[in-house]
Amino acid sequence: MADPELIEKVRAMLGRQYGRVYAWDAVNAPMIRQWCEQMGIDNPLYTDPGFARDAGYPDVIAPPGMLQVWCMGGLDNENYAPGSTDENSFETLKIIESYGYPAVVAVNSDLSFVRPVTVGERLYYTSRVDAISDEKTTGLGTGFFFTLVMDYFVEATAGGTDEKVGEQLFRVFKFKPAERSVPAEKPTAKRPLPGVSDDTRFFWEGCEAGQLLIQRCTACQTLRHPPAPVCIECHSFDWDTVQAKGSGQLYSFVVMHYPEVAPFDHPNPIGLIELDEGVRMIAGLVGGEPGKWQIGQRVQVEFQRFDDQQTLPQFRPLGA
Ligand code: ZN
C-alpha cells in the first residue's frame with residue numbers, strides 16, 4: 001500500500017500547468033531536410049518549396065513526426081531557449097521517488113496534430129499533468145503511471161493569437177522494482193522437444209530404440225512420412241510401420257549460418273533426405289565438410305541422444 005501522505009501529494013499535482021518551453025530555432029528547411037534524410041523519408045512536401053506551394057502551403061512543411069524536435073533543449077540538460085520556463089514538469093516523479101520508487105521507464109508517447117507547421121513558424125509548448133494512476137503492480141514492480149501532455153503552439157505574428165498545432169502525450173511508470181530471484185548459473189539451452197501425438201509417437205520411440213520407422217498403410221502398402229492418421233492414397237485409417245534401412249540421398253539442404261541459435265552448432269546444415277524406401281524426411285546433417293554438401297549425395301542415418309531427453313536421427317555422408 002502506498003503511503004497516504006504520498007497519495008495526497010500526488011493527487012494535488014493532478015492538472016498542474018507548466019509554462020512555456022520555446023524552440024531555439026524557427027521551423028527551418030535544413031533541419032527538415034536532415035531529418036528526412038536520416039528517416040529515409042522522400043516527400044517533396046517537406047523538401048521542395050515549389051511543390052509545397054502548389055499544394056497550397058506558403059513554403060515547405062515539416063513532417064508531423066518532427067513536432068517534438070523543434071523545442072528540444074539540446075545536448076545539455078536544461079539547455080532551453082531563452083524565455084523558457086525553469087519549472088520542472090516532471091517534479092511529480094521526484095516526489096514519488098522520495099517515497100521509495102527509484103526506477104522509471106517510459107511507457108508510451110502519442111503525438112496528435114492540428115495542422116502542419118511551415119518553415120519560418122516559431123513553436124513553443126506548455127505542459128500539464130494529465131493523469132496519475134493509483135498504485136499499480138506490473139511485472140516490473142509497483143508504482144504509478146504518470147501522464148504529461150505537452151500542447152504545442154505556433155507563436156502569433158503581429159497582433160494575431162497563438163495557434164495550437166498539436167500535442168504530445170508522454171507516459172512513464174515510476175516504480176520500485178520487483179525482487180527477482182537470480183539463477184545461480186545461466187541455464188544451458190536445450191533442444192526443443194518435438195510435439196508428440198498418438199500418430200507420431202511410434203517414430204520417436206523408434207528413434208529411442210535406434211530404428212528409423214516409417215508409417216505404412218496396411219490396406220494399400222503405401223509408405224508415408226511425416227506420420228499422418230489417414231492414407232493419402234486410399235484413405236484407410238489402418239497402418240503399421242516398417243523399419244527403413246536408413247540409407248538415402250540428399251534431396252535438398254540448407255546451411256544455417258545466422259542467427260546462431262543455442263544449442264545448435266553453426267554453421268548448421270539441415271537436409272531433406274529421400275530414403276531409399278521413397279519417402280523424404282528432414283533431419284540434421286553431420287560429418288560433412290562445411291560448403292561441400294551436394295544434392296544427390298548418399299547419406300546414412302545415425303542416432304544421437306541430446307540433453308539426456310531425446311534421440312534424433314541425423315544423416316552422415318556415406319563412407320565418411
Ligand atoms: Zn492406403
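The legends below describe close-up views of a predicted model. Local features require pLDDT of at least 70 and side-chain atom pairs pLDDT 80 or more, whereas totals for chains, interfaces and linings use all residues. Residues are numbered from 1 along each chain as its sequence is written, and side-chain values use heavy atoms, with hydrogens and water left out.

**View A. The zinc site.** The zinc ion is coordinated by the SG atoms of Cys217, Cys220, Cys231 and Cys234 at 2.3 Å; donors are N, O and S atoms within 2.8 Å of the metal (3.2 Å for Na, K and Ca), and sites may look incomplete because water is not among the atoms. The angles among the four donor atoms run from 101 to 113°, and the site is tetrahedral (four donors, all angles between 85 and 135 degrees). Along the chain, the donors follow the spacing C-x2-C-x10-C-x2-C. Cys231 is buried at 2% relative accessible area, while Cys220 at 31% and Cys234 at 34% are partly exposed (buried is under 20%, exposed over 50%, partly exposed in between; 1.4 Å probe, protein chains only).

View B. The whole structure contains zero disulfides, a disulfide being a pair of cysteine sulfur atoms within 2.5 Å. Cys71 accordingly takes part in none, and the nearest cysteine sulfur, that of Cys36, is 18 Å away. Cys71 is buried, with a relative accessible area of 1%.

**View C. The salt bridge between Glu208 and Arg305.** The side chains of Glu208 and Arg305 meet in a salt bridge at 2.7 Å, N to O (a side-chain nitrogen of Lys or Arg within 4 Å of a carboxyl oxygen of Asp or Glu). Because Glu208 lies in helix H6 (residues 201-208) and Arg305 in strand S13 (residues 298-306), the pair ties together parts that are 97 residues apart in sequence. Helices (H or I, at least four residues) and strands (E, at least two) are DSSP runs numbered from the N terminus. Glu208 is partly exposed at 42%, as is Arg305 at 43%.

**View D. The salt bridge between Glu302 and Arg316.** A salt bridge of 2.7 Å, N to O, joins the side chains of Glu302 and Arg316. This pair links distant parts of the chain, with Glu302 in strand S13 and Arg316 in strand S14 (residues 310-317), 14 residues apart. Relative accessibility is 25% for Glu302 and 29% for Arg316.

View E. Asp130 is partly exposed, at 37%. The structure holds 20 salt bridges.

Conventions: Tetrahedral: all angles 85-135°; square planar, octahedral: opposite > 155°, others 65-115°.
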